[in-house]
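Subject: Structure handover

Hello,

Here is the structure for your files. My notes on it follow below.

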Amino acid sequence: MKVFNGNNYSKNYYDILVECSKFEHNLESRVGNCFDLGTAYISVNNQSCGLPFVKGRGLNIFFAIMEAAWILSGSNKLSPLEEIISNYHKFSDDKETLNGAYGYRIFNTFGFNQLEAVIEELRNKPNSRRSVISLYSADDLNKSESLDIPCNLSILFKIRSNKLEMTVLNRSNDAYKGIPYNLFVFRAIQYYVAKKLSLSLGEQRHFTDSLHLYEEDFSEVSRIIESANSDAINIELDLILFDEIIQDNHNILELNWERISSERLRWLFTSFALFKKTKDAASFKNIDKFPILSQYIGDWLKAHYNFTLDL
């Protein structure tokens, strides 16, 4: 089993890409040939939001924040995600909802709110090892034609040294497209539970049975590794961002972006809305006021549009 352990989300992600780039042979899969690294363990322990920054990767920060808000709301609607990524309907069976929506499964699918049950369990029994959220259902075995079967199976919580630790069990993890967003959105869930319990954040762990890289992404990953400087990975988003996402959850999902109370999230999404119309990098004004967010945006613009922000 491959182990990626550290206190820097970006460095861990970079190391994963490097390891997966050492492919020797391809395996056939449902959605294309891939290099399968097999079982892997990822562990990070620091006080950031967990969204990696590797220069050249061009992570979509708009989607990451929208997905976190979407999961914490318990929604399964396609439309909020499709507002950010226009072809996201390719994962929907009915073009209106997503079968594997994690938030919907946490809050609704099994007949009760699993997140609140976990919070209550740990509040009453701080030493409990039974605080487990199920994401995968036995019914998923009968949905072989579905476009969206959960990759993440369950979330385990426990309190150690007055910190909330979290472990995510995962059947299949796309090293290039999946891992960075998984780290961020599950960190948001961990933060939500910890805040309810007045605890600090502890270690975040991910066990995956299949860490893989698709053949179509080989060249991109090679390019990123060649251009990125692993010694310069030090960009991190503060945890207060999660408070802002939770507070403005409704406005983010309903696309009422002008009404978002968080100044930086309002700037982020209204600038994105303008960019969607104009395809002009000048849509992102006042970037000096939000330097960390601007680093993510600048890298996204460069990777996907070959635009350059004056950072």
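Helices and strands here are DSSP runs (helices are H or I with at least four residues, strands are E with at least two), numbered from the N terminus. Please keep in mind that this is a predicted model, in which local features need pLDDT of at least 70 and side-chain atom pairs count only at pLDDT 80 or more, while totals for chains, interfaces and linings use all residues. Residues are numbered from 1 along each chain as its sequence is written, and side-chain values use heavy atoms, with hydrogens and water left out.

T208 has a relative accessibility of 5%, so it counts as buried. The classes are buried under 20% relative accessible area, exposed over 50%, and partly exposed in between, with a 1.4 Å probe and protein chains only. Apart from neighbours within four places in sequence, T208 is in contact with G38, T39, A40, N170, R171, S172 and N173, where contact means heavy atoms within 4.5 Å. One side-chain partner is N170, with a polar contact of 2.8 Å to the side chain of T208. A polar contact is a pair of N or O atoms within 3.5 Å; within protein, one must be able to donate a hydrogen and the other to accept it, and residues adjacent in sequence count only if both atoms are side-chain atoms. D174 is 34 residues from T208 in sequence, and their C-alpha atoms are 10.0 Å apart.

S262 is also worth a look. The loop between α9 (249-253) and α10 (263-278) holds S262, and its relative accessible area of 7% makes it buried. Leaving out neighbours within four places in sequence, S262 has contacts with E244 and D248. The side chains of S262 and E244 are joined by a polar contact of 2.9 Å.

Next, helix α4. In this helix (residues 102-109), the buried residues are Y102, G103, R105, I106 and F107. Their cover includes the helices α2 (61-73), α5 (114-124) and α6 (179-196), together with the strands β3 (131-134) and β4 (152-160). After α4 comes G111, with a positive phi near 90°.

Two other residues have backbone angles to check. Most residues other than glycine have a negative phi. N162 is not a glycine, yet its phi is positive, about 60°. N162 lies in the loop between β4 and β5 (163-170) and, at 54% relative accessibility, counts as exposed. K279, also a residue other than glycine, has a positive phi near 50°. K279 is in the loop between α10 and α11 (291-305), and at 40% relative accessibility it is partly exposed.

Finally, the chain as a whole. The protein chain has 11 helices and 7 strands. Its radius of gyration is 19 Å, close to the 19 Å that the globule rule gives for 311 residues, so the chain is as compact as a globular protein of that length. That radius is taken over C-alpha atoms, and the rule is 2.2 Å times the number of residues to the power 0.38. The C-alpha atoms fill a box of roughly 50 × 50 × 45 Å along the principal axes. Of the 311 residues, 54% are buried. Among contacts between residues at least 6 apart in sequence, 68% join residues at least 24 apart.

Regards
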